[in-house]
Amino acid sequence: MTDPLALDPVLPVRQRSERPWNDDLPHDERYAHFEAHVTAGGKIEATDWMPDEYRTAVLRFVEMHANSELMGVLPEREWIMRAPTLRRKLALTAKVQDEVGHAQLLYRVAEDLGKPRDAMLDDLIAGKTKFHNVFHYPTKSWGDVGIIAWLVDAAAIVAQQALRDSSYAPYARTMQKICWEESVHIMHGRDVVVTLMTGTDSQRALVQEALDRWWGPLMQMHGPRGDRAKDRDLHWRIKAKTSEELRQEFLTIYVPRLLELGLVIPDPKLALDDETKTWTYTEPDWDELRSVVTGHGPKSQERLEFRRLNREDTRWVRDSILTPAPAAAA
Amino acid sequence: MIDLALAPGLRTALAELLLTMADDEFVSGFTDSEWTGIAPLLEEDVAISSISQDELGHARALYQLLATVLADGRDEDALAYDREPDAFRHARLLDHPRGDWADTIARRFLYELADEARLASIGDGYPPLTELVGKLRREERYHRMHLVAWIERLAHGGTEPRERLVAALAAVGPDAATVFTPLADEPSLLEARILTRPLAAAEAAWRADLTGILVPLGLPVPPAVTPTTDGRTGHSDSFRWLWGEFTSVRRSEAGATW
């Protein structure tokens with residue numbers, strides 16, 4: 001669906017004309033103006049002219065983010081039915097609802113860059129586009145609900161906070177709202193974990209067992225170390241930090257919090273170098289990451305098949321309300 | 001906290017009313033939440049999740065009120081979760097499984113309007129309930145608008161949506177009036193003005209309301225059935241499945257804090 005508001009220029013005509021890359025200049029000159037603006041920290045709006053390379057890079061980035069929100073609801077929604085108190089049930093429903101809402105906001109940002117929502121969902125289900133590694137794994141207990149809401153969302157928010165300053169302004173604005181909601185999820189997740197850790201022995205065991213399973217995927221989540229100079233997403237300031245910077249930030253904030261609760265982090269090599277203030281750790285399994293995000297994770301195909309079937313089962317509803325009534329308009 | 005203002009007989013009658021209202025909202029909210037993450041459109045997904053949360057919030061408030069009326073040491077979670085399936089008192093209408101989108105809309109529409117007629121029958125005899133019902137009705141207005149809009153869309157949405165809706169209404173219609181299953185001691189509730197009219201009168205108001213919406217759309221109005229006393233007992237296999245799911249984590253460690 002196209003939002004009529006999305007068709008209105010975000011920039012007033014006068015302001016738009018003050019941006020030289022919007023002028024009818026030779027391509028290279030436009031490109032130079034655009035690049036200088038972006039690399040100096042300037043923002044780009046949906047109605048601005050932009051080089052194909054930039055448009056494609058933003059679209060790919062936002063589309064994968066949207067896919068991740070949409071696929072991320074599947075592992076958690078399995079536990080909505082099993083939430084053990086009314087308060088937890090309400091909190092978990094609200095959290096999963098937020099993720100669906102984020103997917104909707106992000107698909108709309110991506111739609112404005114030229115790819116229809118249906119095409120994005122087709123590509124997702126066909127395995128042509130990706131979603132985050134952590135959503136390819138199974139959930140096994142209520143301990144997973146706490147660990148996902150606390151640590152997976154925490155690892156995500158470390159990356160997302162840096163995206164609030166993305167050069168693509170519609171994405172940056174969307175991230176403001178998303179980050180605020182994610183911070184509530186982290187509080188919910190931490191509360192679930194703390195409640196279990198202060199409960200019975202078997203409740204504590206649930207959390208430790210979940211942490212043991214999730215630690216590997218969490219360490220892989222931000223991706224392998226890369227060369228800052230070669231990263232085009234950094235060059236265009238679509239994102240602001242490297243994978244390693246994000247992983248270090250996550251460890252700095254969350255390792256002390258995990259230890260404080262009496263949890264054991266399943267990496268004997270994990271240590272903070274007091275001089276450099278950086279963490280050393282067992283090298284994450286990058287082969288596993290590559291395999292998982294290309295659709296070979298333990299739950300990849302099952303979850304995509306679930307989405308495909310669900311999309312087929314509900315197609316008649318979309319067809320009935322998104323297709324204009326025949327003849328009536330004439 | 002024991003509310004001393006209630007005579008024992010009236011307390012029992014009020015507790016039954018509260019339990020039926022709370023269980024209806026609880027089961028309805030659970031079934032709606034099965035759509036969270038997989039509704040036909042992202043926009044509708046967000047909407048039905050909100051409705052589900054509203055209903056569960058209503059159930060929670062009603063169980064809390066019931067806990068003060070019973071004053072037997074059980075809190076709202078113990079009341080909601082720690083019962084065997086046969087002890088639930090939701091209407092048979094809500095025993096129907098989630099089904100497809102037309103099943104959901106048909107069941108929810110019939111229930112929403114029935115709940116509205118029931119809420120409109122609550123008097124000022126027990127002020128905590130009167131106050132709560134005022135809050136519930138403010139939210140239920142929006143649920144009604146949403147569900148009526150879907151009924152109209154599906155009715156006008158072409159051959160397949162209409163056929164699915166008609167089939168869904170036919171499947172749940174005979175159980176729709178179970179929301180108004182007579183309570184054991186309605187006369188006491190009427191005398192105390194906790195109820196302003198018998199549930200049979202609320203049912204008549206509901207039928208008039210339904211007729212005004214369904215008949216202009218050419219849709220079948222649920223058949224009038226002889227009132228039964230077993231409309232809230234003897235639950236279906238689909239409810240037993242739901243019960244098995246929603247109690248599974250809690251039963252894994254009895255007495256633990258979650």
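Where is the place of Ala71(B)? I found Ala71(B) in the loop between H2 and helix H3 (76-81) of chain B; helices here are DSSP runs of H or I with at least four residues, strands are E runs of at least two, and both are numbered from the N terminus.

**Ground rules.** I am working from a predicted model, in which local features need pLDDT of at least 70 and side-chain atom pairs count only at pLDDT 80 or more, while totals for chains, interfaces and linings use all residues. Residues are numbered from 1 along each chain as its sequence is written, and chains are lettered from A and ligands numbered from 1 in the order in which they are written.

**Positive phi in chain B.** I looked up the phi of Ala71(B) and got a positive value of about 45°, although Ala71(B) is not a glycine. Ala71(B) has 13 other C-beta atoms within 10 Å, so I put it down as partly exposed. For that term, a residue with 20 or more other C-beta atoms within 10 Å of its own is buried, one with 12 or fewer is exposed, and one in between is partly exposed, with C-beta atoms placed from the backbone. I then noted Arg193(B), which is not a glycine either and has a positive phi near 60°. Arg193(B) sits in the loop between helix H7 (186-191) and helix H8 (199-214) of chain B. It counts as partly exposed because it has 13 C-beta neighbours inside 10 Å.

**Two buried residues in chain B.** I checked Ile51(B), in helix H2 (residues 42-70) of chain B. Ile51(B) is buried because 22 C-beta neighbours lie inside 10 Å. Setting aside residues up to four places away in sequence, Ile51(B) touches Asp32(B), His143(B) and His146(B); contact means C-beta atoms, placed from the backbone, within 7 Å of each other. I also noted that Ile51(B) and Tyr142(B) are 91 residues apart in sequence and 8.8 Å apart in space, C-alpha to C-alpha.

Next I took Val172(B), in helix H6 (residues 159-176) of chain B. Val172(B) also has 22 C-beta neighbours inside 10 Å, so it counts as buried. Apart from neighbours within four places in sequence, its contacts are Leu93(B), His96(B), Ala106(B), Arg107(B) and Leu110(B). From Val172(B) to Leu110(B) I have 62 residues in sequence and 8.8 Å in space, C-alpha to C-alpha.

**Core.** Which residues have the most contacts inside the largest nonpolar core? I have Leu18(B) and Ile105(B), in a core of 136 residues. The largest share of this core, 15 residues, comes from helix H7 (residues 142-163) of chain A. Such a core is a set of buried Ala, Val, Leu, Ile, Met, Phe, Trp, Tyr and Cys residues joined through C-beta atoms within 7 Å. Leu18(B) touches Leu62(B), Leu65(B), Leu66(B) and Val69(B), not counting residues up to four places away in sequence.

**Chain A overall.** I counted 14 helices and two strands in chain A. Its C-alpha trace spans about 70 × 60 × 35 Å along the principal axes. Buried residues make up 37% of the 330 residues. Of the contacts in chain A between residues at least 6 apart in sequence, 74% join residues at least 24 apart.

**H8 and H9 of chain A.** The axes of helix H8 (residues 169-197) and helix H9 (residues 201-220) of chain A come within 7 Å and cross at roughly 135°. That makes H8(A) oblique to H9(A). I listed Val193(A), Leu196(A) and Met197(A) on H8(A), against Gln203(A), Arg204(A), Leu206(A) and Val207(A) on H9(A). Axes are lines fitted to C-alpha atoms, for helices over the stretch in contact, with angles from 0 to 180 degrees between N-to-C directions. Angles under 35 degrees are roughly parallel, over 145 roughly antiparallel, 65 to 115 roughly perpendicular, and the rest oblique.

Arg225(A) is in the loop between H9 and helix H10 (232-235) of chain A. I noted contacts with Ser243(A) and Glu244(A), leaving aside neighbours within four places in sequence.

**Interface.** The contact takes 34 residues from chain A and 39 residues from chain B. On the side of chain A that touches chain B, the largest share, twelve residues, comes from H5(A).
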